[in-house]
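Take a slow walk through this chain with the model open beside you.

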Amino acid sequence: MLAAMSTFLESTALLLLAAVIAVPLSRAIGLGAVIGYLAAGIILGPHVTAFFVDGEAILHFAEFGVVLLLFIIGLELQPSRLWVLRKSLLGQGLSQVAVTSLLIALLAGLFIGPWTATIIVGGALALSSTAFVLQLLAERKELPHEHGRAAFSILLFQDIAVIPMLVLIPLLAGKSDTSYVDMLVEAARVTAILLLVVVGGRYLLRHFLRLIHNAGVREISTAAALLLVLGISLLMHKLGLSMALGAFIAGVLLADSEFRHQLEADIEPFKGLLLGLFFMSVGMTANLDLLLAEPLLILLLALGLIATKAAILFAIGKVSGLANKSAVRLALVLSQGGEFAFVILSTAIGHSLIPVELADRLILVVTVSMMSTPLLYGLYSSWVEPRMEVSSQPVYDTPDQGEVPVVIAGFGRFGQMSGRLLRTLDVPFTALDISPDQVDVVRRFGNPVHYGDAGRLDLLDAAHVDKAAVFILAVDEMEASLRIARAVRHEYPHVRILARARNRKHAHLLMDLGVHWLVRETQLSALAMAEELLVQLGRPADEARRMVATFRQHDDEILQRQQAVHHDQQKVIQSAKEAADELRTLLESDRASVKKSVRDAMRDKDD
């Protein structure tokens with residue numbers, strides 16, 4: 001037993017060592033964490049170093065990482081939000097699975113004999129990798145984007161579709177001697193238990209978690225979270241349903257509970273480690289001998305799978321109303337095969353529906369397609385799409401409003417405040433913004449704005465900046481802001497600039513260019529919060545307002561004083577320390593003065 005424990009610890013240490021070396025290297029060269037895990041698995045697998053010869057065993061254990069992933073996704077989806085997804089699930093999800101399965105089955109029928117095998121191959125290859133795609137989109141923070149939401153809906157439907165696919169396999173094999181009545185009874189039993197899980201879980205899970213939480217032992221709370229996910233997943237598995245679907249249902253049931261964030265924090269580390277192990281086990285199971293024996297065939301099949309699924313997904317994205325860019329991203333991110341293909345193909349082998357050689361070849365094709373997804377998606381995102389955007393940029397507008405007293409550069413959330421006020425007062429102005437998307441959005445609301453780079457002199461001349469009284473510099477990006485300020489100050493020195501600064505450094509650089517009126521974008525809101533903070537801490541409202549006003553005046557003076565030394569960090573640090581002492585003295589003096597005034601007023605009243 002001790003020897004087995006030693007072997008387990010050695011294996012665990014080896015897996016962790018491979019991960020901490022391969023993943024940072026992969027991230028450093030821009031390939032992402034998934035490729036790093038896959039590469040580590042291939043190296044440790046039976047075809048390279050042979051440290052691990054049974055990747056399938058690790059894969060079955062590591063699939064619990066996918067289960068935890070779906071539980072956390074469920075926590076993010078309140079039932080009301082899930083109801084909103086119903087059209088996406090039945091529209092995008094159903095069409096993707098149905099069309100892709102049918103097309104791949106028809107293509108497979110040209111080379112594979114039995115129609116039962118073609119149905120299984122079509123269904124298995126229609127599925128994408130939930131673990132790969134969600135991890136990739138989460139790394140890039142793209143899950144909230146429209147292609148991320150569409151991908152999630154399709155993946156969720158695919159996970160649900162696995163259930164009837166697995167039920168269909170024994171029926172296709174002709175090994176099911178169950179009568180239709182028995183099948184209906186079984187379906188009713190499963191439905192009843194699902195309803196019991198949903199209804200009972202809705203009311204019982206929270207009481208269970210509340211009891212555990214009241215115990216006040218953190219590690220028991222973590223254990224309870226894992227037990228909750230594992231218990232519901234095993235229950236679903238016993239019913240012949242997907243463990244991942246069970247975990248997702250459990251997450252949805254707790255999505256609007258007070259324990260949501262605590263559960264997510266408890267499970268997140270386990271999810272990350274097990275997902276990494278899952279990706280490594282996929283790398284271990286890749287049959288490199290078969291790839292070396294038939295490299296051209298495997299690569300062509302993988303490319304064909306990716307191209308077929310990408311074309312269908314792009315069409316679905318466009319029909320669903322996605323923009324071209326989002327439809328392409330959706331097509332690329334879901335174009336690979338998925339981990340459930342391994343399960344379906346393995347089950348089909350067990351029922352003698354497809355030969356082992358065909359299954360091995362298809363599993364390798366799916367693995368290659370999974371490995372290619374981060375590469376293709378990263379290549380498109382970092383190299384192809386930016387060049388497409390540059391080549392497809394519309395021509396800059398030519399402002400045609402004639403001479404106006406105000407020109408606004410940057411018409412986002414900051415610049416629009418001035419624009420709305422000017423429109424209300426019927427004061428004409430010219431607004432310029434470098435983002436064509438922002439221009440389109442603003443124009444829909446009836447705001448006059450022109451697409452163009454306010455740093456270009458020809459555009460500034462066309463906007464008649466030389467005849468304007470005020471130039472509002474509301475650009476968000478610091479370098480662009482400084483470039484525009486430099487151009488306006490040099491070409492139109494008589495025009496007064498009112499500038500937005502992101503921070504003190506930006507403010508000092510604008511001041512160096514001769515911009516004397518500016519506002520730091522978060523200063524006023526932060527001061528308003530500070531004033532309310534003092535009131536909540538028990539200060540009288542008048543005193544809080546006066547203290548914040550003193551703070552603001554002193555801060556503005558320090559900003560002006562530090563301009564002369566802002567290039568020297570040591571002097572800035574010393575100035576900040578001196579300013580803190582000065583402010584403390586000012587506030588104490590102000591409070592003493594107020595107290596003296598109150599005492600004098602009371603004395604005069606008594607006299």
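The crossing of H4 and H8 is left-handed. H4 covers residues 64–75 and H8 covers residues 130–139. Helices here are DSSP runs of H or I with at least four residues, strands are runs of E with at least two, and both are numbered from the N terminus. This is a predicted model, where local features need pLDDT of at least 70 and side-chain atom pairs count only at pLDDT 80 or more, while totals for chains, interfaces and linings use all residues. Residues are numbered from 1 along each chain as its sequence is written, and side-chain values use heavy atoms, with hydrogens and water left out.

Now look at the angle. H4 and H8 pack at about 50 degrees, with their axes 10 Å apart. Axes are lines fitted to C-alpha atoms, for helices over the stretch in contact, and angles run from 0 to 180 degrees between N-to-C directions. The two helices are therefore oblique to each other. Under 35 degrees would be roughly parallel, over 145 roughly antiparallel, and 65 to 115 roughly perpendicular; the rest is oblique.

Which residues of H4 and H8 meet? From H4 come Val66, Leu69, Leu70 and Ile73; from H8 come Thr130, Ala131 and Leu134. Contact means heavy atoms within 4.5 Å.

Next, find Ser128. It sits in the loop between helix H7 (115–126) and H8. Is Ser128 buried or exposed? At 1% relative accessibility, Ser128 counts as buried. Buried means under 20% relative accessible area, exposed over 50%, and partly exposed in between (1.4 Å probe, protein chains only). The side chain of Ser128 reaches the backbone oxygen of Leu334 at 2.8 Å. Ser128 also touches Leu155, Gln158 and Lys309, among others beyond four places away in sequence.

Helix H16 (residues 324–333) is mostly covered. Seven of its 10 residues are buried, including Ser326, Arg329 and Val333.

Move on to Glu521, in the loop between strand E6 (517–520) and helix H24 (523–536). Its side chain makes a polar contact with the side chain of Arg500 (2.7 Å). A polar contact is a pair of N or O atoms within 3.5 Å; within protein, one must be able to donate a hydrogen and the other to accept it, and residues adjacent in sequence count only if both atoms are side-chain atoms.

Finally, step back. The chain has 26 helices and six strands. Buried residues make up 45% of its 607 residues.

How values were computed:
Left-handed = near helix turned anticlockwise from the far one by under 90°.
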